[in-house]
Amino acid sequence: MLKAYRAELLSVARDPRDAGPAAVRHESDGLLVVEDGIVVARGPYAELAGKYPEPEVLPGLVVPGFVDAHVHYPQTDCIASYGEQLLDWLDKHIFPAEKAFVDKAHAAAVAAFFLDELLRSGTTSALVYPTVHAQSVDALFEAALARRMRVVSGKVLMDLGPEGLNDTPATGRAESEALIRRWHGRGRLGYAVTPRFALSCSDEQLAEAGALLDEHPEVLMHTHLAENVHEVAAVAARFPDAADYLDVYDRFGLVTQRSVFAHAIHLPERSCARLRESGAGVAVCPSSNLFLGSGHFDFGQADRHGLRLGLGTDVGAGTSFSMLRTAGLAYQAALAREDRLDPFRALYLATAGSAALLHIEDRVGALEVGQEADFVVLDCAATQLLARRTGGADLATRLFALQILGDERAIAATYVMGECAWKSPKPSTLC
Ligand code: GUN
Ligand code: ZN
């Protein structure tokens with residue numbers, strides 16, 4: 001089935017840090033043609049009109065569906081939990097809630113709400129933490145398959161957690177193997193070996209994670225790195241022989257170009273050099289970093305080393321599922337360290353940059369011909385204030401205002417594989 005959409009189109013396929021302004025592709029009056037879920041043509045309406053069926057007009061700014069490079073679905077109901085930094089927050093709020101995911105029905109109910117909330121926020125792909133329970137992975141993948149979303153996930157490995165939330169090196173390995181066989185490559189789904197973080201895994205379990213990756217070079221590795229100063233100190237105390245936090249993972253074969261590290265705030269230069277050399281990626285999580293008092297990601301340091309970056313909400317430490325809001329907070333985190341994050345680069349991080357971390361950048365993130373047609377219609381007049389600030393403004397001003405003032409309210413519609421997966425009940429207004 002051939003379907004054409006006429007709209008203002010915007011995408012940023014490469015990091016403007018490396019590619020400059022040429023990275024930005026913008027058609028102020030564009031045509032996007034989709035066949036069987038795949039983009040088959042894109043360009044100025046004036047050039048393409050007449051070659052395709054009568055288009056549907058989308059009132060708004062169309063950008064690629066957002067890609068959340070780090071989020072925890074079992075923490076949906078723990079968002080906005082008061083009063084603690086990372087380690088105490090985990091003990092007091094998160095671990096008790098994650099124990100409930102031993103119940104598959106509970107996991108299925110939360111997974112359904114979570115994925116619908118992603119769609120309402122314009123997010124069509126995500127790298128997701130479930131819990132230690134294999135059934136929490138099944139619940140998420142089943143729900144993602146039903147919605148045709150691109151989801152990468154994998155059972156959390158943790159054998160040093162609290163009672164009721166532990167596996168063992170052997171069960172973690174065996175359950176991961178079975179889940180990879182069951183889910184990796186099915187529909188739009190992918191698997192990530194997911195040791196929770198260095199402190200929740202024994203040496204034996206970290207070694208099993210490395211062995212899993214050796215055996216399955218097609219999957220990702222997903223974990224947390226250097227998020228909080230107390231966490232970093234505890235890792236240094238437990239691993240006195242390691243050069244730094246990243247080196248702990250490296251010693252177990254967990255640092256490769258298919259690795260995604262969330263946070264990476266407190267990094268020595270050596271870690272940055274090693275991240276660059278390995279090709280591993282970093283999911284920047286500004287909303288979470290602010291909420292847990294973890295610190296601000298150092299864009300200047302990351303850019304000096306040429307690190308591969310994406311953007312993650314990290315809900316439930318993150319306080320919003322909106323990648324627009326997260327992009328706006330990334331700007332503010334950068335500025336706190338006297339760096340600038342321009343709105344086009346922020347859009348890159350929220351789309352093609354995160355897609356590259358997930359190794360799906362050939363499929364999604366830029367609305368290029370041959371890619372899957374996941375896209376979002378942004379409404380620059382979603383709120384009175386946004387309308388007032390963006391009326392008559394140029395593209396950069398509108399995009400920045402959407403990031404600073406916008407959130408899920410600015411998502412007029414979300415399309416998955418060329419089909420509308422969510423539409424705002426509000427009448428949409430022109431951008
Ligand atoms: N480090 C280990 N587990 C977690 C988690 O659930 N959230 C965050 N933000 N950091 C972690
Ligand atoms: Zn996290």
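The model is predicted. Its protein chain holds 16 helices and 16 strands. The radius of gyration is 21 Å, close to the 22 Å that the globule rule gives for 431 residues, so the chain is as compact as a globular protein of that length.

**Overall build**
- Along the principal axes, the C-alpha atoms of the protein chain fill a box of roughly 65 × 45 × 40 Å.
- Of the 431 residues, 57% count as buried.
- Take the contacts between residues at least 6 apart in sequence: 74% of them join residues at least 24 apart.

**The seven-stranded sheet**
- Seven strands form an open sheet with mixed pairing. Their order is β3-β2-β1-β4-β14-β15-β16.
- β3 (38-44) and β16 (419-423) are the edge strands, and each pairs on one side only.
- From one strand to the next, the twist averages 35 degrees.
- Strands of a sheet pair through backbone hydrogen bonds, either parallel or antiparallel.
- β1 (residues 2-12) and β4 (residues 56-64) run parallel and are joined by four bridges. Leucine 9 has valine 62 in β4 as its bridge partner.
- β15 (residues 411-416) and β16 run antiparallel, also with four bridges. Alanine 413 has lysine 423 in β16 as its bridge partner.
- β15 and β16 form a hairpin, with two residues between them. Methionine 417 sits in the turn and has a positive phi of about 50 degrees.

**Helices α14 and α16**
- Helix α14 (residues 343-357) lies across β1, β2 (24-35) and β4. It runs at about 125 degrees to β1.
- Helix α16 spans residues 395-405. Its buried residues are Arg398, Leu399, Phe400, Ala401, Leu402, Gln403 and Leu405.

**Around ligand 1**
- The residues around ligand 1 are His72, Leu86, Leu90, Ile94, Arg196, Phe197, His224, Glu227, Ser288, Asp314 and Ala317.
- By class, this shell has five nonpolar, three polar and three charged residues.
- Helix α3 (residues 86-99) gives the largest share of the shell, three residues.

Methods:
Residues are numbered from 1 along each chain as its sequence is written. Chains are lettered from A and ligands numbered from 1 in the order in which they are written. This is a predicted model: local features need pLDDT of at least 70, side-chain atom pairs count only at pLDDT 80 or more; totals for chains, interfaces and linings use all residues. A residue is near a molecule or strand if its C-beta atom, placed from the backbone, lies within 6 Å of it. Ala, Val, Leu, Ile, Met, Phe, Trp, Tyr, Cys and Pro count as nonpolar, Asp, Glu, Lys and Arg as charged, and the others, Gly among them, as polar. Two strands pair if DSSP finds at least two bridges between them. Axes are lines fitted to C-alpha atoms, for helices over the stretch in contact, and angles run from 0 to 180 degrees between N-to-C directions. Two residues are in contact if their C-beta atoms, placed from the backbone, lie within 7 Å. A residue is buried if 20 or more other C-beta atoms lie within 10 Å of its own, exposed if 12 or fewer, and partly exposed in between; C-beta atoms are placed from the backbone. The radius of gyration is taken over C-alpha atoms; the globule rule is 2.2 Å times the number of residues to the power 0.38.
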